[in-house]
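Visitor: Please take a close look at the interface for me. I would like the contacts, then the setting on either side.

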Amino acid sequence: MVGSEVILLDFWPSMFGMRVRIALAEKGIEYDYKEQDLPDKSTLLLEMNPVHKKIPVLIHKGKPINESCIIVQYIDETWKDKSPLMPSDPYTRAQARFWADYVDKKVYDALKKSGTLKGEQQEKAKKEFIEILKVLEGQIGEKPYFMGESFGYADIALVTFYCWFYTFETLGNYSIEKECPKLIAWAKRCMQRESVSKTLPDSKKIYEFFMEMRSKLGHDHIQKVEDFSPFRGRGVFLKHGRLVRIRY
Amino acid sequence: MANEVKLHGVTRSPFVCRAVIALNLKDVKYEFVDEDLSNKSSDLIKYNPVYKKVPVLLHNGNPISESLVIVEYIDEVWKGVPLLPQDAYEKAQARFWAKFMDDKCFPTVFKAVTSLGEEQAVAEVHEALQFLENELKVKGSKFFGGDNINLVDIAATFVAFWIGAVEEALGIELLPKDKFPKLTEWSDNYVNCQAVKDSLPPREDLIAIYKKRFGKA
């Protein structure tokens with residue numbers, strides 16, 4: 001689409017990119033979606049996010065906004081006429097920010113560890129991951145959404161991980177629903193919103209993507225867990241002690 | 001309605017200092033509750049059960065945790081000096097750089113400090129600080145916030161003040177003036193702002209703490 005006012009640089013399985021897609025859908029914003037080949041980063045991506053070189057990047061009228069949570073707030077503040085994503089009072093807003101930040105600090109790394117480590121380390125990682133989910137579940141409590149009656153920012157921050165649960169449950173041989181039934185009930189409630197159900201890819205598709213990428217990387221020989229990331233990093237990994245670039 | 005404000009913290013923490021600076025900029029009257037982090041108060045654990053860390057701001061008994069969340073909250077509740085730009089795009093940029101301080105700058109500085117200035121660790125600090133140097137160059141202004149300090153400057157308080165203390169305490173160099181002229185100039189201007197000056201802990205105290213905590217035995 002030539003001269004599109006809103007462009008999104010993204011990568012389909014990214015839970016961070018999905019946050020932005022949900023926010024755009026909630027607001028009914030039309031945009032030009034540009035799928036990024038992450039190992040082979042485009043000039044546009046490098047130009048628009050020179051600091052982190054990561055997706056998602058929202059480009060609005062030619063100007064880039066980076067970091068998914070910051071993008072979601074930007075979308076909410078720029079398109080004010082419908083579907084407010086942030087709570088209206090400052091205190092609840094602060095709580096929403098706190099919980100989105102908690103998801104950012106805790107969920108991604110714990111999820112990754114629980115699926116990629118082995119043996120005793122994996123068991124420990126699974127336990128930690130469930131503990132984190134229980135904290136989030138506790139925060140939601142009996143409310144329909146994180147902050148109360150309305151779906152919003154904090155829900156968006158977490159719900160995009162839902163399509164990744166199946167992958168890590170399968171790898172780690174456990175059931176998140178069994179451990180955190182209320183959290184899954186919340187996720188399913190969010191999935192009833194079109195913005196969420198149309199954005200999150202099918203869990204099996206995510207699983208296939210992950211397994212394909214893992215086989216290309218040769219899982220057993222990945223030396224650093226933190227390198228094993230489809231969405232961060234530079235598509236360069238350590239394999240048998242040598243740097244390799246992986247295309248997927 | 002009563003407007004009771006308390007801040008749970010420790011004076012040596014650059015994160016607590018962010019909240020102190022924001023409160024001082026807004027001229028908010030508050031009570032500082034000094035915490036002993038080796039023996040956390042039941043209040044701290046009650047108000048921040050998730051992390052059990054400082055700072056925690058209590059506004060009429062309602063707790064808010066995480067320094068950057070606290071600073072934004074202070075900005076939204078108390079009018080006066082704005083801590084964030086009005087424009088949505090500029091606001092997003094400010095949040096980006098504030099997050100950058102926590103995601104990249106602080107961890108690299110911490111690693112350099114705990115490794116007592118190991119070469120690779122210091123190189124990573126310089127890589128992170130270079131982005132800040134460039135940002136100041138591009139902006140061409142006195143502060144990250146322009147003519148006045150904003151969220152980004154506040155988030156970078158540890159760069160302006162804590163790095164110098166740690167350098168002196170451990171005899172390492174993290175922010176060489178010749179490599180970072182803009183950042184050095186910004187640091188001098190920033191620590192001389194009244195609200196910042198009123199909020200910083202005594203430098204000798206920090207130096208003593210760091211000598212004890214990280215220095216060679």
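Guide: The account starts at the interface and then moves into each chain.

This is a predicted model, in which local features need pLDDT of at least 70 and side-chain atom pairs count only at pLDDT 80 or more, while totals for chains, interfaces and linings use all residues; side-chain values use heavy atoms, with hydrogens and water left out. Residues are numbered from 1 along each chain as its sequence is written, chains are lettered from A, and ligands are numbered from 1 in the order in which they are written.

Begin with size. The size of an interface is often given as the accessible area lost when the parts come together. Between chain B and chain A, about 2,300 Å² is buried. That figure is the accessible area (1.4 Å probe) that the two parts lose on being put together, summed over both. Carbon and sulfur atoms give 65% of it. Chain A brings 27 residues to the contact and chain B brings 25. Contact means heavy atoms within 4.5 Å.

Next, charge. Side chains of opposite charge can pair when their charged atoms come close. A salt bridge here is a side-chain nitrogen of Lys or Arg within 4 Å of a carboxyl oxygen of Asp or Glu. Between chain B and chain A there are six salt bridges. One joins E67(A) to K99(B), with 2.9 Å between the closest N and O atoms. There is also a network of salt bridges that links E77(A), R93(A), R97(A), E72(B), E76(B) and R95(B).

Polar contacts come next. Between chain B and chain A, 11 residue pairs are in polar contact, both residues at pLDDT 80 or more. On the chain B side that touches chain A, the elements giving two or more residues are strand 4 (62–65), helix 3 (67–77) and helix 4 (88–114) of chain B. Helix 4 of chain B provides the largest share of that side, 12 residues. A polar contact is a pair of N or O atoms within 3.5 Å; within protein, one must be able to donate a hydrogen and the other to accept it, and residues adjacent in sequence count only if both atoms are side-chain atoms. Helices (H or I, at least four residues) and strands (E, at least two) are DSSP runs, numbered from the N terminus.

Now the annotations. UniProt, in an unreviewed entry, lists "domain: GST N-terminal" at residues 3–82 of chain B. That span is 36% helix and 21% strand, with its end C-alpha atoms 20 Å apart. "Domain: GST C-terminal", also from an unreviewed UniProt entry, covers residues 87–214 of chain B. Residues 87–214 of chain B are 73% helix and 0% strand, and the end C-alpha atoms are 42 Å apart. UniProt positions are in the numbering used here, feature names are shortened, and annotations may be inferred rather than shown by experiment.

R203(B) and E168(B) meet in a salt bridge at 2.8 Å, N to O. The pair links distant parts of the chain, with R203(B) in helix 10 and E168(B) in helix 7 (residues 157–170), 35 residues apart. I207(B) is also found in helix 10 of chain B, which spans residues 203–214. I207(B) is buried at 9% relative accessible area. Buried means under 20%, exposed over 50%, partly exposed in between (1.4 Å probe, protein chains only). Leaving aside neighbours within four places in sequence, I207(B) contacts A165(B), E168(B) and A169(B).

Chain A has 11 helices and six strands. Of its 248 residues, 56% count as buried. M18(A) sits in helix 1 (residues 15–27) of chain A, and is buried with a relative accessible area of 0%. Its C-alpha is 9.1 Å from that of P201(A), 183 residues away in sequence.

E26(A) pairs with R193(A) at 3.0 Å, N to O. E26(A) is in helix 1 and R193(A) in the loop between helix 9 (181–191) and helix 10 (194–197) of chain A, so the pair ties together parts 167 residues apart in sequence. E26(A) is buried at 8%, whereas R193(A) is partly exposed at 28%.

Last, sulfur. The whole structure has zero disulfides over all chains, a disulfide being a pair of cysteine sulfur atoms within 2.5 Å. The sulfur of C69(A) is 15 Å from the closest cysteine sulfur, in C190(A), so it is too far for a bond.
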